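Take each task first, then follow the solution step by step.

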Amino acid sequence: MVRENEIRAGESAVALPARHDAGLYFIGRIHTPWTSRLTTPRQGRADGPVCHIEIFEPWVAALEGVEKFARLEVLYWLHLSRRDLVHQSPANDGMARGTFALRSPVRPNPIGTSIVELLGVEGNVLAVRGLDCLDGTPLLDLKPDRTLFTPIAPPQPGDFETG
């Protein structure tokens, strides 16, 4: 079962640092049918419900051209997640793993990602399928799905020589 804030057998938490290193801009808000982590799917599904991503001003102009892509990578801030666990037991079996070996929303910087199918764009709102976050989740960024692009070749010997 998904948990809210308890620490399970085998898990451990740390004291959080006193200061933050970066500032983020929430560029929008995600609207989904889920209001509790207990009912939110663990991974987004291509056949999941239609959800909406609202983009705030002044970022609406950045949507230009996004409709050309079938899939987008959505990055969002898991604003209700714990940030202090370094060992977690997602199966609640007492066997813990390091947070960085898991896709858990409980992370030092709780950034979530989903690859979504873009269904349409109307003004500042995108209709998508494939999200797995709570209603009202702050949006950090949108990017075309990286698998839609040809990888750039690595630099070759001599590429940066000047003569």
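**Exercise 1. Find the aromatic pair and say how its rings are set.**

Step 1. Start with the rule: rings of Phe, Tyr and Trp (its six-membered ring) pair if their centres lie within 6.5 Å, and planes under 30 degrees apart count as stacked, over 60 as edge-to-face and the rest as tilted. By this rule there is one aromatic pair.

Step 2. The ring centres of Tyr25 and Trp59 are 6.1 Å apart and their planes meet at 45°, so this pair is tilted.

Step 3. Now place the two residues, taking strands as DSSP runs (E, at least two residues; helices are H or I, at least four), numbered from the N terminus. Tyr25 sits in the loop between β1 (12-13) and β2 (28-31), and Trp59 in the loop between β3 (50-55) and β4 (71-77), so the pair ties together parts that are 34 residues apart in sequence.

Step 4. For accessibility, buried means under 20% relative accessible area, exposed over 50%, and partly exposed in between (1.4 Å probe, protein chains only). Tyr25 is exposed at 63%, while Trp59 is partly exposed at 34%.

A word on what you are looking at: this is a predicted model, in which local features need pLDDT of at least 70 and side-chain atom pairs count only at pLDDT 80 or more, while totals for chains, interfaces and linings use all residues. Residues are numbered from 1 along each chain as its sequence is written, and side-chain values use heavy atoms, with hydrogens and water left out.

**Exercise 2. Trace the closed barrel and follow β2 within it.**

Step 1. Two strands pair if DSSP finds at least two bridges between them. Six strands make a closed barrel in the order β2-β3-β8-β7-β4-β9, with antiparallel pairing. Neighbouring strands of this sheet are turned by 45° against each other on average, direction ignored; the axes behind such angles are lines fitted to C-alpha atoms (for helices over the stretch in contact), and angles run from 0 to 180 degrees between N-to-C directions.

Step 2. On one side, β2 pairs with β3 in the antiparallel sense over four bridges, and Gly28 stands opposite Ile55 in β3.

Step 3. β2 is also joined to β9 (residues 137-144) by three bridges, again antiparallel. Here Gly28 stands opposite Leu139 in β9.

Step 4. Look at the two faces of β2: Gly28 and Ile30 form the covered one, Arg29 and His31 the uncovered one.

Step 5. Finish in the loop between β2 and β3, where Thr39 is found. Thr39 counts as exposed at 54% relative accessibility. Thr39 and Leu142 are 25 Å apart in space, C-alpha to C-alpha, and 103 residues apart in sequence.

**Exercise 3. Which strands stand at the edges of the open sheet?**

Step 1. Write down the order: three strands form this open sheet as β1-β5-β6, with antiparallel pairing.

Step 2. β1 and β6 (97-98) are the edge strands, each with a single partner strand, so one side of each has no neighbour in the sheet.

Step 3. Check the bridges: two join β1 to β5, and Ala13 stands opposite Leu85 in β5. β5 (residues 85-88) and β6 likewise pair over two bridges, with Gln88 opposite Arg97 in β6.
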